[in-house]
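Please look over the sequence and the model below before reading on. The briefing that follows goes through selected parts of the model, grouped by topic.

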Amino acid sequence: MNLVQRCQPLLDVLRDPAHMATLDLAGWDLLLRQAGAAGLLSRLAVQAETLGLDASLPDVVRPHLTAARTVAAKQRQAVRWEARRVAHALTDIEGPVLLLKGAAYAISDLPPATGRLFSDIDILVPRAQLGQAEAALRLAGWHTQKQDDYDQRYYRRWMHELPPLTHIRRGTVLDVHHNLLPETARIHTHAGPVLAAAQALADLPGLSIPADTDLVLHSACHLFHEGEWGHGLRDLVDLDAMLRAFSLSPGFWPALLARAQALNLGRPLYYALDCCRRWLHTPIPEHVIAACPSQPPAWQRPLMRQLFDAGLASAHPTCRGRLVKLATFILFVRSHYLRMPWRLLLPHLLHQALRRNREQN
Amino acid sequence: MKLGDLSLAQLRHRLADNDLALRTGPFVTRIHSPIPQVADGLLRLYADFPLDAGEFRDFHVRVGPPAGLRRWLRPQINFWHDGHSPFKPLPANHAFALLEWGLNWCVAGHAHHYLMLHAAVLEKNGRAVVFPGDPGAGKSTLTAALMLSGWRLLSDEITLVDRDDGLLVGLARPVSLKNASIDVIRRAFPDAVIGAPAYDTHKGTVAHVRPSADSVARVGEKARPAWVVFPRWREGSPARLSPHSRADAFLHTASHAFNYSLLGGLGFELNAALMDACTCHDFEYSRLDDALRVFAELAA
Amino acid sequence: MTPDPARFWRIPSEADLRHREWDGEHVFYHGGAGDTHRFSEAAALVLQRLMAAPADESGLATLLAEAATVEPAEAAAALADILEELARLEFAEPVA
């Protein structure tokens, strides 16, 4: 049984939510656990409600979905409020302020927003405005957490990012970026075109979100470059939802490929398209995948597929294969390797390991 | 079938095989554990509880040794909910207490179709008293004593408020006692069944009182809230009730609830409805028999 | 913020405020921020007025003055404190 086969019934339901109507109690028992571990239960719960399935569900299942919907609804309200406060704080910043990922989906009611769980808010500002943005946010109550000097250096000097900001009263977390990938990353991409193509939000003056193609590309490069495979499947679901919706617009596929070329994000896009098709049966025309820029060499693909599959399946014990631990470790190392050159990486990993050791003793 | 229908050997077997599903109020939990102390505790305190033979469980938990070398040095155990461990490992002789904390964690962390307050709740003559209360205020002692003198226990820790009708839903699980209150209850109720204590936990010495058969049998009955009472044990104090501001009670229950914030506007409405339905009181006492008398009068 | 009798105040968009009162004590809930607060009778009066519709500082001061039977100037001073607190907690905001 390969990994994709092992993650049933979750994959069946993700591919076709109406499948929930056919599950027996044993199936529901497993689905709730797999979906819960993958951060996707709320999404399924909202879809069940939308499809009118709720009334015909087994009585013992219904409370779980009610609870899951409650959590998502609260988070959605919180993200929207937080985005407003961010807009308010950054009113005087020159240039666009873009909401990224989850917050962007929530504010614009895009397909990935359905039942999505959020943690931090990510925004993108022009590099030149980073200092001003940080100052304005600090005035409005967002501060860097008490981190040691090392962390501050890691973020500021090496990754050229601000450390995460925490709001002093609300406790919410804000990540301020000036590019889609860290500056030290092996793949270099440009923020300029993304900022230029931003779509302003009508009901939130001062805030924008990336263009459709850029939302997809950012999600792809985030998933396939970061080490956060805990919600890898959720991120893949975001991608699938966007691709299905955006591809209804004529010209979307060629625009996506051209944009991947321009932003130098062809590689992560390739992985995203390949995984979406295999895992979630996203309807992607064959010629689109074939025409994807910067594809990995053929010999590398089976290995990368195995690694990514292991990462995507890692959420729940019933989905994991034997080698998942090794695979997720390799992916973790890979994400760091992609993020920074060796001369920075090795001391960094050593420092992190020592710190974890200190905290445990 | 009830848990008490199994022999200890059968119970141990089923726990070790991950083949035991226990119903506690609205929840069915499958428990996996090779630890003898867990089987002992369950048999002693959960004999009246029904076992569930169905294919759907609300929670899947395990209490057992963590992987790794430590298991041979100083025996430890940990709690997992569906493969995820929310706590740090504890000494092996705290296994039953860890199970109880874990079961609370499962409910408090997931059952958001209820508003969940951090409070004890008991019912008598069709009306329920809710005890929010800070740790160390004598709430658990009072809860155990009321149950042992005939009040129906819904919960000693988590008050579940039904979002559709505002009624209270019970779990009827064992009452957790700490330190001195264990002896107080033993002396006042010599027939009470109390589990083996766990010493040197982060809360001191912890033991659990078996829930009354009536409480377990009637766990499916929801209860109508009538009183919110903030108890406080104070040396030499006569047992007496005095008024407590409802706005203050609202804020207290909200800030100590497990999911008030998470429920958003609904949490506000449910908590407010609770305050509307109840009179709020402070309660001071020192002698248990005085306290029981005051509550008997309240419920009459 | 210096008082300005002509300045309008309102409940922020998507704040989703709710209010209950028991025995003269007022509790307000802010859905957006997820906060719950107890406010004084005076602050509660101001908030309830704003929940009905935006109002200017002059009108709010008059409301307070009548309710507390004090001079408008005294009410205006109290109002300034109240508005500052409400703004800090994001329960109310000045209209630009």
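This is a predicted model: local features need pLDDT of at least 70, side-chain atom pairs count only at pLDDT 80 or more; totals for chains, interfaces and linings use all residues.

**Strands of chain C**

Tyr29(C) stands opposite Thr36(C), a residue of strand β4(C).

- Strand β3(C), residues 25-30, pairs with strand β4(C), residues 35-39, in the antiparallel sense, and five bridges connect the two.
- Between β3(C) and β4(C) the hairpin has four residues, and Gly34(C) takes a positive phi there, near 75°.
- Strand β2(C), residues 17-22, also runs antiparallel to β3(C), to which it is joined by six bridges; one of the pairings sets Leu17(C) against His30(C) in β3(C).
- The hairpin formed by β2(C) and β3(C) has two residues between the strands, and Asp23(C), which is in the turn, has a positive phi of about 50°.
- Five of the six residues of β3(C) are buried, so this strand is largely enclosed by the rest of the structure.

**Chain C as a whole**

- Chain C contains three helices and six strands, and from the N terminus on its elements follow the order β-β-β-β-α-β-α-α-β.
- A compact globule of 96 residues would have a radius of gyration near 12 Å, and the value of 13 Å for chain C agrees with this.
- Taken along the principal axes, the C-alpha atoms of chain C fill a box of roughly 35 × 35 × 20 Å.
- Buried residues account for 42% of the 96 residues of chain C, while its accessible surface is about 4,700 Å², with 52% of that belonging to carbon and sulfur atoms.
- When contacts in chain C between residues at least 6 apart in sequence are considered, 51% of them join residues at least 24 apart.

- Chain B has ten helices and 16 strands, and its C-alpha trace spans about 55 × 45 × 35 Å along the principal axes.
- For 300 residues, a compact globule would have a radius of gyration near 19 Å, and chain B, at 19 Å, agrees.
- Of the 300 residues in chain B, 57% are buried, and the accessible surface of the chain comes to about 12,100 Å², of which carbon and sulfur atoms hold 52%.
- Among contacts in chain B with a separation of 6 or more, 71% are between residues 24 or more positions apart.
- Asp82(B) is not a glycine, although it has a positive phi of about 50°; it is found in the loop between β4 (76-81) and β5 (90-91) of chain B. With a relative accessible area of 15%, Asp82(B) falls under the 20% limit and is therefore buried.
- Asn179(B), also a residue other than glycine, has a positive phi near 45°, and its place is in the loop between β11 (175-178) and α6 (180-188) of chain B. Its relative accessible area is 39%, and Asn179(B) is partly exposed.

**Chain A: sheet, helix and loop**

- Seven strands of chain A make up an open sheet with mixed pairing, in the order β3-β4-β5-β2-β1-β7-β6.
- The edges of this sheet are held by β3 (142-144) and β6 (199-200) of chain A, each of which has a single partner strand, so one side of each is left without a neighbour in the sheet.
- Two bridges connect β6(A) with β7(A), residues 207-209, and these strands run antiparallel; in β7(A), Ile209(A) is the bridge partner of Gln199(A).
- Helix α10(A), residues 212-225, has 14 residues and at 1.5 Å a residue should span 20 Å, which agrees with the 20 Å between its end C-alpha atoms. Because 13 of its 14 residues are buried, α10(A) is largely enclosed by the rest of the structure.
- Gln8(A) and Pro9(A) are joined by a cis peptide bond with omega at about 5°, and Pro9(A) lies in the loop between α1 (3-6) and α2 (10-15) of chain A.

**Nonpolar cores**

- The largest nonpolar core has 111 residues, of which Trp28(A), Leu99(A), Ile123(A), Leu236(A) and Trp279(A) touch the most other members.
- Helix α13(A), residues 266-280, gives the most to this core, with nine residues.
- Apart from this core lies another, of 42 residues, including Leu6(B), Ala39(B), Ala95(B) and Val216(B).

Note on methods:
Residues are numbered from 1 along each chain as its sequence is written. Chains are lettered from A and ligands numbered from 1 in the order in which they are written. Side-chain values use heavy atoms; hydrogens and water are left out. Buried means under 20% relative accessible area, exposed over 50%, partly exposed in between (1.4 Å probe, protein chains only). Two strands pair if DSSP finds at least two bridges between them. The expected span of a helix is 1.5 Å times one less than its number of residues. A nonpolar core is a set of buried Ala, Val, Leu, Ile, Met, Phe, Trp, Tyr and Cys residues joined through side-chain atoms within 4.5 Å. The radius of gyration is taken over C-alpha atoms; the globule rule is 2.2 Å times the number of residues to the power 0.38. Contact means heavy atoms within 4.5 Å. Accessible areas come from the Shrake-Rupley method with a 1.4 Å probe; for residues, only the protein chains shown count as cover.
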